[in-house]
Amino acid sequence: MLRIESIKDGTVIDHITAGQALNVLKILHITPSSKETVSMAMNVSSKKIKRKDIVKIENRMLKKEELNKIALIATNATINIIKDYKVVEKYNVKVPEIVKGIIKCRNRNCITNLEEIDTKFKLESKDPLILKCAYCEMKTDTIEFL
Amino acid sequence: MKMFKNRDIISMVDFSREEIDHILDVAERVEKDPTGCHDLLNNKILALLFFEPSTRTRMSFESAMYKLGGKCIDLGAIDASSLKKGESFTDTIKVISKYADLMVIRHPAEGAARYASEIVDIPVINGGDGTGQHPTQTLLDLFTLKKENKLERVNIGILGDLRYSRTVHSLVYALTLYNVDMTFIYPPSLRLPDWILEHLIKNDIRYKECNNIDEVIGDIDVLYITRIQKERFPDISEYYAVSDSYKVTKSLLVSKAKDDLILLHPLPKKNEIEKELDDTPYAKYFLQVEYGVYVRMALLGLIMGVFD
Ligand SMILES: [Zn+2]
C-alpha cells in the first residue's frame, strides 16, 4: 500500500493534508543540510481523508511540542513513532495554545515585522483556526510562514 | 483582582471591569486631594520613551509624575527615520530600563509596548502603539464619563475615524464592559474593524451605525469626536477623500441634541468641532485633559505601590 519503504527507527507523519508535506518539513526545520534521511509521499489516496501526504524521518524522535505545530496546517495529521520497525507510539497532532516563531504576523506594522523579534501567537479558536498575535493583537485565520 | 504593584499597563484587554473601576476610584481620590500626593514618589524616576512625537501625552505623564514628587527622564525627540538606523529598539529600551523605575513607551508600531514589557524588568506603560492600544487615554475617557455620570445606561456616540483611531478601538473595547449603548458615526470608508464589531456582537452590545451625525444627534447622551489623522492612512488619497467630511456645530446641537449632551475629544482637534462650542456646557474636552493627569497619577502610584 505505502509507496515508500517502512523505516526502522524514526517518526512517520501520516494523514497530512495533501500538498502540505513541504510545509511540514519547514515547520520541523528540516532542510537539505539536515542530517536525517527523509522520504515523502504526496497525494496518496487515503480512507480517512481523500488525498494525503506522508513524511518519514529516519533516526529522529521529534518532540511532541515540535510535532504539534504541524496541526496549524494539517489538523488530521497523525504521528507514529517507530522503533525497530514497530509503532511504539501513535497520536493525533493538537494545535498548541501558544505558537512561537515559524509564523509571520500579517500586520505589516507589527513590531515583530520591524524588529528582529520572534513572533508569538495565542490560539483563539481551533475550528476555524484563528490565531492572535501576542504583540499587536491582530487575529488571523491565514497561516503565513516566516 | 490582580495586584497593581509592578504591573504593566499595555492594553485594555488585560483589565477586568473591577480593575478598571478600581483605577477610576483611585483617580477620584487623587482628584479630591492632589496636593496630598506631592511626595509619594520621591526618588522615583519615570523614563519617557517617545519613538513618535506626542507632546500632550508626554507632558501629561510628566505633570503627573511631578505632582507625585517624582522625576522624569526623556529620550528626546526621535523621528521615524532615525529609528531605522543606529541602535535597535530592543537595545534602547533595555539600556534605558536601567536608568528608571518605570517607563512609558509610545511607538509607531503595534505591539511595541507589549514587547518592551517582556524584555525589561521595570513596569511599562503603553503610551500608544501605532493603530493599536492607548490604555491611559481610554482610562481618562472612562473617568470623564464616570465624573459626568454617563457610564451607565447611556447611549454613547462615537464620530470620526473609527477604522484607524486607536483611541476609538481601545474605548469601544472598554465600553463593552459597561452597560451602555453605542452609536457609530463615520465616513463610509472608515468603519470599525471587523474584530471589534465581532466583539460587540459576541457580548450582546446594542449598537447602531450611520454615516450622518444629523440622523442620530437627538438620541445620544455623549458624543466622542475624533480627528481624522493623516499619518494613520496607508493611502494618502484615501485621507483626502474623507478629511473635513464632518463638523459638529453649535446650531446642530442647539436645535437637535439633548440638553445634557456632552462632547468629548482626545485632542488635538482641528475643524471637526466648531470653535463656538468650546465655551458651552456641552464641551468637556478640556476637562478631560485635567482628568488625564489624575488618572495617570493614579496609575503611576498604583504601579509603584503607593496607593492600594
Ligand atoms: Zn502582530
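**Entry 1: the metal site.** I began with the angles at the zinc ion. Its 4 donor atoms make angles of 102 to 116 degrees, and the site is tetrahedral. I kept in mind that this is a predicted model. For four tetrahedral donors the ideal angle is 109.5 degrees.

Next I asked which protein atoms are the donors of the zinc ion. I found the SG atoms of Cys105(A), Cys110(A), Cys133(A) and Cys136(A). They lie 2.3 to 2.4 Å from the ion. Along the chain, the donors follow the spacing C-x4-C-x22-C-x2-C.

Are Cys105(A) and Cys110(A) buried or exposed? I noted both as buried.

**Entry 2: where the chains meet.** I turned to the contact between chain B and chain A. Chain B brings 16 residues to it, and chain A brings 12 residues. The area buried between the two chains is about 1,200 Å². Carbon and sulfur atoms give 48% of that area.

I then looked up which residues of chain B lose the most area to chain A. They are Glu110(B), Tyr115(B) and Glu118(B). Together they account for 40% of what the chain B side buries.

Glu118(B) came up again when I checked charges. It forms a salt bridge with Lys120(A), and the closest N and O atoms are 2.8 Å apart. I counted 2 salt bridges between chain B and chain A. I also wrote down 10 residue pairs in polar contact between these chains, both residues of a pair being at pLDDT 80 or more.

**Entry 3: inside chain B.** How is chain B divided? Domain 1 takes 12–133 + 292–303, and domain 2 takes 149–283. The contact between them uses 18 residues from domain 1 of chain B and 13 residues from domain 2 of chain B. I looked up the distance between the C-alpha centres of the two domains, and it is 26 Å.

The area buried between domain 1 and domain 2 of chain B is about 1,200 Å². Here carbon and sulfur atoms give 52%.

I found 1 salt bridge across this domain interface. I also noted a salt bridge between the side chains of Arg17(B) and Glu152(B), at 3.1 Å from N to O. The two domains of chain B share 4 residue pairs in polar contact, with both residues at pLDDT 80 or more.

How values were computed: Residues numbered from 1 in each chain as written. Chains lettered and ligands numbered in written order. Predicted model: local features only at pLDDT ≥ 70, side-chain atom pairs only at ≥ 80, totals over all residues. Heavy atoms only, no water. Donors = N, O, S within 2.8 Å, 3.2 Å for Na, K, Ca; no water. Tetrahedral: all angles 85-135°; square planar, octahedral: opposite > 155°, others 65-115°. Buried < 20%, exposed > 50% of the residue type's maximum accessible area, 1.4 Å probe, protein only. Domains from an automatic or database assignment. Contact = heavy atoms within 4.5 Å. Buried area = accessible area lost by both parts, 1.4 Å probe. Salt bridge = Lys/Arg side-chain N within 4 Å of Asp/Glu carboxyl O. Polar contact = N/O pair within 3.5 Å; in protein donor to acceptor, adjacent residues only side chain to side chain.
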